[in-house]
Amino acid sequence: MTTTPGTASATSVEDEFPRAITLLDTARTVSVLCHVQPDADTIGSGLALAIVLQRRGVAVEVSFGSPDDLPESMNELPGRDLLVPAADVRVGVDLVVSVDAGSRGRLGALADRMDAADASLVIDHHRSNTRFGTLNVVDDAAESTTAVIARLFDAWGVEIDASIAHCLFAGLVTDTGSFRWVRPGSHRLAERLLETGIDGAAIARKLLDTHPFGWLPMLGSVLGSARLVGDAVGGLGLVYAAILRSDSEGLRSEEIESVIDIVRTTSEAEVAAVLKQQPGDEWTVSLRSKTVVDVSVVATTLGGGGHRNAAGFTAHGSKDDVVAALIDALG
Ligand code: 5GP
Ligand code: MN
C-alpha cells in the first residue's frame, strides 16, 4: 500500500539492488520465507522469486510459519509446487530471503532460519520495517512487495513471463485494494503484467471476490455489533467490530480478512479496527486510517506494525481490554 504518493525513500532502494542480485546470483540453496497468515503479496512475491531461482538451477523452497495450509484463494498461483511445510524448511542454506515481512516476528516459527543462513535478504515495503536482514531492500513508498520484486527483476535482467506476472499481479491487485491506493507507475506495472496474457479479472475474482454463502450471515452478525466511538482519536472517531470464533466457524481467512474493508468505510471515523478472536485469550487486530493518523505508529506501540494507513498487532485479554488499550494508544 502507498504511503504518501510520489515521495521517494530517503535512500533509493535501487542502490541496494546490485548487492541483492549478487547474493541471489551466487547462492546455490535458497529458502524464501513469507509472513505468517500469508496474503497474496507475500505469497506472490515468494513464488515469483522462487520460479526465477528455480529456472536458474537453484535449489529453492518457499514457506510460511503458520497456518499449515495456503489460503484457498491462492491455490492457483504458479510456483505453488515450490511451497514446503514450515517444519521442512532447511536449516543453514546459502541464502534466506524474507518477502513482505516488516519484522522478524512476522516470520513466526521460521524466524530462526534467518540466523542459520550464510546471508539473509529482506525485501519489503512496510514503513515499520526493522531491517532485520544482512541486506535490506525496503521501499516504504512501494505499493506492494511484488512491485519492489518487479523492479529487482528488471535490474537483474529477468524476463517477466505469464507465470511470474500472475504472481506479481496477485500482490499488486490486493495490496492496492484493487487499484484504489496507487501511485505513479502502479498502472504501468499492471499494464506490463497484463500484456503477458494473464487473466487479470479471473485472478482478482479468485483472490478478492469469491466467498461461500456463510460469509453473508457472518457479516450480518459482526457488522451488526460494530461500535462507533466518536470521541476517540482526539475526536476524529474510531469504529470497531469484533469477529468471535463462533462467528467465523467453518469460514476461511479470506472471509475474516474481508471485514475490515467494510468497517473502514464508515465516514464518521478516521480509524477502523477489527478484532479477530484467536484460540485462548488472543486477538489479532487490523487497523486502518483514512488520512491523518499513522496507524503503523499505533500498531508498533502495541507490539505490531504495518503501513501508514494499514497496520496490525496481536493482543491478549478480554475484548473490552483490547479495545480500551487501543483507544488509549490512539490518543
Ligand atoms: P492486516 O490488517 O491486513 O492483517 O495487516 C495490515 C498491515 O499491517 C499488513 O501490511 C501487515 O503486514 C501489517 N501487520 C498486521 N499485523 C501485524 C503485526 O502483528 N506485526 C507487524 N509488524 N505488522 C503487522
Ligand atoms: Mn504487502
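Are D41 and D175 buried or exposed? Both D41 and D175 are buried (buried means under 20% relative accessible area, exposed over 50%, partly exposed in between, with a 1.4 Å probe and protein chains only). This is a predicted model, in which local features need pLDDT of at least 70, side-chain atom pairs count only at pLDDT 80 or more, and totals for chains, interfaces and linings use all residues. Residues are numbered from 1 along each chain as its sequence is written, chains are lettered from A and ligands numbered from 1 in the order in which they are written, and side-chain values use heavy atoms, with hydrogens and water left out.

**Manganese site**
- Ligand 2 is a manganese ion, and its protein donors are D41 (OD), D100 (OD), H125 (NE2) and D175 (OD), at 2.1 to 2.4 Å.
- Donors are N, O and S atoms within 2.8 Å of the metal (3.2 Å for Na, K and Ca); water is not among the atoms, so sites may look incomplete.
- Along the chain, the donor spacing reads D-x58-D-x24-H-x49-D.
- D41 in helix α2 (residues 40-55) and D175 in helix α5 (residues 162-175) link distant parts of the chain, 134 residues apart.
- Helices (H or I, at least four residues) and strands (E, at least two) are DSSP runs, numbered from the N terminus.

**Ligand 1**
- The shell has 13 residues, of which H126, S286, R288, H307 and A311 come nearest (a residue is near if one of its heavy atoms lies within 4 Å).
- Polar contacts are pairs of N or O atoms within 3.5 Å; within protein, one must be able to donate a hydrogen and the other to accept it, and residues adjacent in sequence count only if both atoms are side-chain atoms.
- Oxygen atoms of ligand 1 lie 2.7 Å from a polar side-chain atom of H126, 2.6 Å from one in S286 and 3.2 Å from one in H307.
- The protein covers 81% of the 490 Å² of accessible area that ligand 1 has on its own (Shrake-Rupley method, 1.4 Å probe; for residues, only the protein chains shown count as cover).
- β9 (282-289), β10 (305-306) and β11 (310-316) each give two or more residues to the shell.
- β11 gives the most, with four residues.

**Cysteines**
- The structure holds zero disulfides (a disulfide is a pair of cysteine sulfur atoms within 2.5 Å).
- The closest cysteine sulfur to that of C34 is in C167, 10 Å away, so it is too far for a bond.
- C34 is buried at 0% relative accessibility.
- C167 is buried too, with a relative accessible area of 0%.
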